[in-house]
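Student: I would like a close look at how the charged side chains pair up in this model. Please go slowly, and then connect that part to the rest of the chain.

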Amino acid sequence: MSTLQQPAAGATAPATVTEATTTQREPRERATRASRLRTRKPVDGRKVKRSGLLTAVMVVFVVYSFAPLFYLLVNSTKTQASLLSTFGLWFGGKFNLWQNIVDTLTYNDGIFVQWLGNTLLYVVVGAGGATLLATVAGYGMAKFQFVGRRAVFAVVLGAIAVPGTALAVPTFLLFSQFGLTNTPWAIILPSLISPFGMYLIWTYAVDAIPAELLEAARMDGAGEFRIFFTIALRLLAPGVVTVLLFAVVATWNNYFLPLIMLSDPKWYPLTVGLNQWNAQATGSGAQPIYNLVVTGSLLTIIPIVVAFLFLQRFWQSGLAAGSVKA
C-alpha cells in the first residue's frame with residue numbers, strides 16, 4: 001500500500017507548487033498592469049499632466065459661479081427679519097421658503113405672475129424670431145453667392161462691435177416717433193435683430209453643410225425652401241440651439257431697454273419689476289420686501305436652468321455627429 005501511495009503523493013506535489021507560484025505571481029501581475037495603465041500615454045503620444053494650480057483655479061471658478069445661486073437658495077428660506085439678522089451664506093431662523101414663494105406670487109394682486117408672462121412673451125417671440133432670422137440669414141450668407149456679400153459681412157461685424165446699450169436711446173427716440181413706446185413691440189422688435197447669432201450660424205454653416213449634399217438635392221428636384229427645412233436645418237441644429245440659448249438669456253436678462261421703453265408696470269419684465277420691488281426699501285414711505293426680492297430672483301433663474309438642461313442634448317448630439325468621418 002505504501003508503494004502505491006507514493007506516486008499519488010508525488011503527483012500532487014508539483015500541482016501544489018504551481019498553485020503557490022501562481023498565487024504569488026497574480027498580485028505582481030495586477031500591480032504591473034495597474035502601473036502600465038497609470039503610465040500609459042494617450043493615443044496622440046503626449047503625456048497627461050496634472051497641474052495643482054489649474055485644479056485650484058477651477059475650484060475657485062466653480063465656487064465663484066455657484067456662490068450667488070447658493071446665496072439665493074439659502075436666503076429664500078428666511079423671513080424678512082432673519083434675512084437681515086443672520087449670516088447671509090447659511091440658514092438661520094424659521095424655514096420660510098414655501099411661504100415666501102406664496103407671498104411672491106400673490107403680492108400686489110399677483111403682479112409677479114404678470115411680469116413672468118411678459119418675460120415669456122418677450123423671450124418666445126423676440127428670442128425665437130431672432131433665432132429664426134439669424135438662421136435663415138446665416139445660411140444664405142454661407143451657401144449663396146451674390147453682389148455685396150463682403151459689404152454685408154463688414155456691416156455684420158460692425159454691428160457686433162456696437163454694444164446694445166449704446167443703441168438704446170436712439171431706439172427709444174425712433175420708437176417714440178411711431179408711438180410704439182410703452183408697448184410690447186418696443187421690446188420685441190429690437191430683440192429680433194441678432195448680428196452675433198447671424199455670424200455664428202454663418203461660420204457654422206460653411207463646414208456643417210456640404211455643398212455636394214445641396215447640389216444632390218437640387219438635382220433631385222427639391223426647392224430651396226424644402227432643402228433648408230428638411231436638410232440644412234437638421235445639420236445646423238447644434239448651431240441653432242447655441243444661438244437660441246444666447247438669444248433667450250439676452251432677452252430674459254434684458255434690463256436697460258425695458259427700463260427706458262416701458263412706463264406702465266403691467267408691461268414690465270421680471271428684471272425691471274424686481275428692481276422696482278427692491279426700490280421700495282428707500283424713500284419716506286419705505287416698505288422693504290427683501291425676502292420677496294430674493295425669492296423672486298430664485299424663481300426667475302429656474303426657467304433658464306431648465307432650458308439649458310433641456311437643450312444641451314442637442315450640443316452633445318452635434319459633437320457626436322462630427323466625431324465620425326466616412
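**A salt-bridge network and its surroundings**

Tutor: Arginine 218 forms a salt bridge with glutamate 215, and their closest N and O atoms are 3.2 Å apart. Keep in mind that this is a predicted model. Arginine 218 and glutamate 215 both belong to helix H9, which covers residues 211-219. They are three residues apart, about one turn of the helix. An α-helix has 3.6 residues a turn, so residues three or four places apart point the same way.

Arginine 218 has a further partner: glutamate 224 forms a salt bridge with it, with the closest N and O atoms 2.7 Å apart. Shared partners join Glu215, Arg218 and Glu224 into one network. The count for the structure comes to two salt bridges.

How accessible are these side chains? Glutamate 215 counts as partly exposed at 44%. Glutamate 224 is partly exposed as well, with a relative accessible area of 33%.

Now for the aromatic rings. A search of the whole structure finds eleven aromatic pairs. One of them is formed by tyrosine 107 and tryptophan 277, whose ring centres are 5.3 Å apart with 85 degrees between the planes, an edge-to-face arrangement. This pair links distant parts of the chain, 170 residues apart: tyrosine 107 is in helix H4, and tryptophan 277 is in helix H13, residues 270-279. Tyrosine 107 is partly exposed at 24% relative accessibility, whereas tryptophan 277 is buried at 2%.

Phenylalanine 228 and phenylalanine 229 make another edge-to-face pair, because their planes stand at 80 degrees, with the ring centres 5.0 Å apart. Phenylalanine 228 counts as buried at 6% relative accessibility, and phenylalanine 229 is partly exposed at 47%.

Tyr107 also belongs to a cluster: ring pairs link it with Phe112, Trp115 and Trp277.

Helix H4 itself deserves a look. It runs over residues 97-143, and a straight helix of 47 residues would span 69 Å, yet H4 spans only 53 Å between its end C-alpha atoms. Helix H4 bends by about 115 degrees at aspartate 109. Asparagine 108 is also found in helix H4. Its phi is near 55 degrees, a positive value in a residue other than glycine. Asparagine 108 is exposed, because its relative accessible area is 52% and exposed means over 50%.

Asparagine 182 also has a positive phi, about 60 degrees, although it is not a glycine. Asparagine 182 lies in the loop between helix H6 (168-177) and helix H7 (185-191). At 25% relative accessibility, asparagine 182 counts as partly exposed.

Last comes the surface. Phe70, Tyr71, Phe87, Leu89, Trp90 and Phe91 make a nonpolar surface patch of about 630 Å². Among these residues, tyrosine 71 is found in helix H2, residues 52-75. Tyrosine 71 is partly exposed, with a relative accessible area of 36%.

To return to your request: the charged part is one network of Glu215, Arg218 and Glu224.

Note on methods:
Residues numbered from 1 in each chain as written. Predicted model: local features only at pLDDT ≥ 70, side-chain atom pairs only at ≥ 80, totals over all residues. Heavy atoms only, no water. Patch = residues over 30% accessible without salt bridge, like charges linked within 9 Å, V, L, I, M, F, W, Y side chains within 5 Å. Areas by Shrake-Rupley, 256 points an atom, 1.4 Å probe, with all protein chains shown as cover. Salt bridge = Lys/Arg side-chain N within 4 Å of Asp/Glu carboxyl O. Helix = DSSP H or I, 4+ residues; strand = E, 2+ residues; numbered from the N terminus. Buried < 20%, exposed > 50% of the residue type's maximum accessible area, 1.4 Å probe, protein only. Expected span 1.5 Å × (residues − 1). Bend = angle between axes of the 7 residues up to and from the residue. Phe/Tyr/Trp six-rings, centres within 6.5 Å; stacked < 30°, edge-to-face > 60°.
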